[in-house]
Amino acid sequence: MRLKDKVSIITGAGSGMGRVAALRFAAEGSRVIVADSQGEAAEETVRQIRAAGGESYAARVDVSVEADAKAMVDVAMRRYGQVDVLYNNAGIMPEADHSVVDTPVEAWDQVMAVNVRGVYLGCKYAIPHMIERHCGSIINVSSFVAILGCSVPQDAYTASKGAVLALTRSLAVQFAPRGIRTNAILPGPVETPLLMDWLLKDEAAKKLRLARNPTGRFGKADEIVNLAVYLASDESAWTNGASMVIDGGISVNYF
Ligand SMILES: NC(=O)c1ccc[n+]([C@@H]2O[C@H](COP(=O)([O-])OP(=O)(O)OC[C@H]3O[C@@H](n4cnc5c(N)ncnc54)[C@H](O)[C@@H]3O)[C@@H](O)[C@H]2O)c1
């Protein structure tokens with residue numbers, strides 16, 4: 001098992017890639033704190049992990065709220081005594097997020113609070129425990145839109161994922177000397193509720209997004225989580241500060 005004896009906190013693990021990651025991490029031997037703002041969804045992930053014989057605990061957490069982020073790390077310490085992996089996966093992409101010229105300030109602030117402040121707060125409380133044991137892996141979920149311009153804009157989301165990328169690099173150089181690796185995953189469009197809930201409602205938007213995609217399909221959650229398992233495991237002991245794109249080749253496609 002690739003994550004034997006590890007303790008992982010995965011945010012946004014009540015749905016999509018976070019849930020797939022939680023199940024996979026547990027199957028690889030990690031004890032998993034399933035953190036999500038939707039308490040029932042988190043409980044369901046934990047039920048599935050336990051049914052498969054894994055060890056897990058659900059925490060209802062809004063990652064943008066400091067007290068929740070602290071409680072999330074505290075519960076991991078109380079139950080399992082250590083934090084080896086912080087997988088900052090929770091993220092939102094609200095429908096009101098368009099171009100800067102028509103995105104309401106409230107939508108902008110909401111995206112920044114969850115997607116950026118949430119990563120900051122998780123790190124703020126997990127890193128001191130990782131430093132104590134001189135060991136840790138932080139996995140930040142950015143997006144391919146952080147490195148590409150998009151003519152169908154979601155500017156708050158794009159800016160937030162750029163911030164996650166910049167923060168990843170800063171943490172990588174600050175904390176590697178203290179045993180902590182920090183890396184970012186940049187997924188392309190993946191079939192999860194986040195994307196499909198609105199894309200499936202809009203055939204034209206779906207077609208537009210597939211047109212520039214050399215593989216002709218969206219990604220699957222597993223195809224992203226495979227990389228997360230590597231980053232969480234000791235196999236990636238010298239992988240630090242990396243921005244790892246998995247997008248089926250969209251970002252290298254000129255025409
Ligand atoms: N699906 C894609 O195409 C895609 C592409 C690139 C990047 N991403 C990123 O991958 C990550 C996971 O996306 P997904 O597609 O699996 O999403 P999803 O919507 O299926 O799941 C996200 C989970 O995060 C939880 N969440 C939302 N706000 C929260 C908060 N404030 N505190 C705690 N939990 C919260 C939700 O309840 C949900 O369970 C996100 O960061 C997203 O931006 C997704």
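Which of the 29 residues around the ligand come nearest? Select D36, N89, Y157, V190 and T192: these come nearest among the 29. A residue counts as near a molecule or strand if one of its heavy atoms lies within 4 Å of it.

Before going on, note that this is a predicted model, in which local features need pLDDT of at least 70 and side-chain atom pairs count only at pLDDT 80 or more, while totals for chains, interfaces and linings use all residues. Residues are numbered from 1 along each chain as its sequence is written, and side-chain values use heavy atoms, with hydrogens and water left out.

**Stop 1: the ligand**

Show the side chain of D36. One of its polar atoms lies 2.6 Å from an oxygen atom of the ligand. Polar pairs on this tour are N or O atoms within 3.5 Å; within protein, one must be able to donate a hydrogen and the other to accept it, and residues adjacent in sequence count only if both atoms are side-chain atoms.

Now show the backbone of V63, where a polar atom is 3.0 Å from a nitrogen atom of the ligand. At V190, a polar backbone atom is 2.7 Å from an oxygen atom of the ligand. Taken alone the ligand exposes 830 Å², and the protein buries 92% of that. Accessible areas come from the Shrake-Rupley method with a 1.4 Å probe; for residues, only the protein chains shown count as cover.

Colour α1 (16–27), α5 (155–175) and α6 (193–199), the elements that give two or more residues to the shell around the ligand. Helices (H or I, at least four residues) and strands (E, at least two) are DSSP runs, numbered from the N terminus. The most comes from α6, with 3 residues.

By class, the shell has 14 nonpolar, 12 polar and 3 charged residues. Ala, Val, Leu, Ile, Met, Phe, Trp, Tyr, Cys and Pro count as nonpolar, Asp, Glu, Lys and Arg as charged, and the others, Gly among them, as polar.

**Stop 2: S160**

Select S160, in helix α5. With 0% relative accessibility, S160 counts as buried; buried means under 20% relative accessible area, exposed over 50%, and partly exposed in between (1.4 Å probe, protein chains only). A polar atom of the S160 side chain lies 2.7 Å from the backbone oxygen of Y157. Leaving aside neighbours within four places in sequence, S160 is in contact (heavy atoms within 4.5 Å) with V111, M112, N115 and V116.

**Stop 3: strands β1 and β2**

Why is strand β2 (residues 31–36) described as largely enclosed by the rest of the structure? The reason is that 5 of its 6 residues are buried. Strand β1 (residues 7–11) pairs with β2 in the parallel sense over 5 bridges; two strands pair if DSSP finds at least two bridges between them.

**Stop 4: N88**

Move to N88 in strand β4 (residues 85–88). Its relative accessible area is 4%, so N88 is buried. The side chains of N88 and N140 make a polar contact of 2.9 Å. Leaving aside neighbours within four places in sequence, the residues in contact with N88 include T11, G118, I138 and V141.

**Stop 5: two positive phi values**

Select D5, in the segment before β1. Its phi is near 70 degrees, a positive value in a residue other than glycine. Finish at H134, in the loop between α4 (105–133) and β5 (136–141). H134 is not a glycine, yet has a positive phi of about 50 degrees. Is H134 buried or partly exposed? At 48% relative accessibility, H134 counts as partly exposed.
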